[in-house]
Structures are given as C-alpha cells and as structure tokens.
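Trainee: Please pick one part of this model and take me through it closely, with the numbers. I would like to see how its pieces are connected.

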Amino acid sequence: MADSLVKVPDVEIDSEGKFKYILVRVKVKGGTDHKDIVRGTKSAEYHKVHSSFLLPRLFGKCLPNHIFEKVNPALEALGVECSVLGGGKIEHNNTEKKLRVFGESTGYGKADHAVTVEKLKTVFKDYEITME
C-alpha cells in the first residue's frame, strides 16, 4: 500500500454519543491503490453540504459542520483523493464498550455497514459492535 494511504487512520470517530458518519474511499492520486475509512462526529450537522449551502460557500464562508468538508482538505494534503461511499449513524457507548451502526445519509445514501463494522473492529477490538 502506498505511503500516503498508510498515513491515513482507518477510523476517527467521537468517543461517546450518537452521531453521523461517512464511509470514505481514499485513493492515491493518479493511482489505483485505495482503502476505505470511517469518519464520524457529533459536531457535524450534515453528512455533506446541500445545494442550499453552496452560495455562501462560493463566497468564502467555511461550513465546518459537514463531515466531508472537514475530512477532505486534510486528506488531500497527504496526496490522496476522496469519495464518499455512503453514510449513516453510529451510537458509541464508551462505558459499556458498544458501538451500533445504523441508518443512512440523505445526501450520500446508505453506507455498507458491514464494511464500516469491519473497520471499527480493527480499532475497537474489545467492543461489541452491531449493525442494523
């Protein structure tokens, strides 16, 4: 796997609560090597920017409450391209060591929760992880 992909963590999610997430395909620019990653946070109001938010963005206002808009610039700086495969929600109970993956994104559609669960298992090895 290319060095730029190795530098990208497979999972970055909030440590507690219920929040939106996206499953992102990260690919080396101009290449075929890729991997899928999971990103989720309570601070994201939306999975992606809806068309009604495009006009303010064109005039230089940052919309940091959208998951992809937070993730994409940092990853592009590593020399990779990103595309969203879908989204949903994660409920993270840190005390009980449980993760629940469910739902879908109205903007991106439903992520393959089975792929998301496998990614989560690599980081949260001692958790009970379920999907709906």
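This is a predicted model: local features need pLDDT of at least 70, side-chain atom pairs count only at pLDDT 80 or more; totals for chains, interfaces and linings use all residues.

Mentor: Two strands count as paired if DSSP finds at least two bridges between them.

First, the setting. The protein chain has 4 helices and 6 strands, in the sequence order α-β-β-β-α-α-β-β-α-β. Of its 132 residues, 40% are buried. Taking contacts between residues at least 6 apart in sequence, 63% join residues at least 24 apart.

Now the strands. Strand β2 (residues 17–28) and β3 run antiparallel and are joined by 8 bridges. Within this pairing, Ile22 stands opposite Arg39 of β3. The two strands form a hairpin with 5 residues between them, and Gly30 in that turn has a positive phi of about 75°. Strand β3 (residues 34–41) has 7 of its 8 residues buried, so the strand is mostly covered. Strand β1 (residues 11–13) also pairs with β3, but in the parallel sense, over 3 bridges. There, Glu12 has Arg39 of β3 as its bridge partner.

One of the residue pairs is Tyr21 with Gly88, the latter in β4. From β4 the pairing continues to β5, again antiparallel, with 5 bridges. Ile90 has Val101 of β5 as its bridge partner. The hairpin of β4 and β5 has 4 residues between the strands, and Lys97 takes a positive phi near 55° in it. As for side chains here, Arg100 lies over the face of Phe102, at 3.9 Å from the ring centre.

Next, the helix. Asp112 caps the N-terminal end of α4, with a side-chain oxygen 3.1 Å from the backbone nitrogen of Ala114. In α4, the residues His113, Thr116, Val117, Lys119 and Leu120 are buried. These residues cover an arc of only 165° around the axis, so they lie on the same side of α4. What covers the buried residues of α4 includes β1, β2, β3, β4 (80–93), β5 (98–102) and β6 (128–131).

Val123 is also placed in α4, which spans residues 113–123. Its relative accessible area is 44%, so Val123 is partly exposed: the value falls between the 20% limit for buried and the 50% limit for exposed. Val123 and Asp10 are 113 residues apart in sequence, yet their C-alpha atoms are 8.1 Å apart in space.

Finally, consider Phe124 and Tyr127. The structure holds 1 aromatic pair. The ring centres of Phe124 and Tyr127 are 4.9 Å apart and the ring planes are at 65°, so the pair is edge-to-face. Phe124 and Tyr127 are both buried.

Notes:
Residues are numbered from 1 along each chain as its sequence is written. Side-chain values use heavy atoms; hydrogens and water are left out. Buried means under 20% relative accessible area, exposed over 50%, partly exposed in between (1.4 Å probe, protein chains only). Rings of Phe, Tyr and Trp (its six-membered ring) pair if their centres lie within 6.5 Å; planes under 30 degrees apart count as stacked, over 60 as edge-to-face and the rest as tilted. A charge sits over a ring if NZ of Lys or CZ of Arg is within 6 Å of the ring centre and within 35 degrees of the ring normal. The arc is that of the directions from the helix axis to the C-beta atoms. Contact means heavy atoms within 4.5 Å. A polar contact is a pair of N or O atoms within 3.5 Å; within protein, one must be able to donate a hydrogen and the other to accept it, and residues adjacent in sequence count only if both atoms are side-chain atoms.
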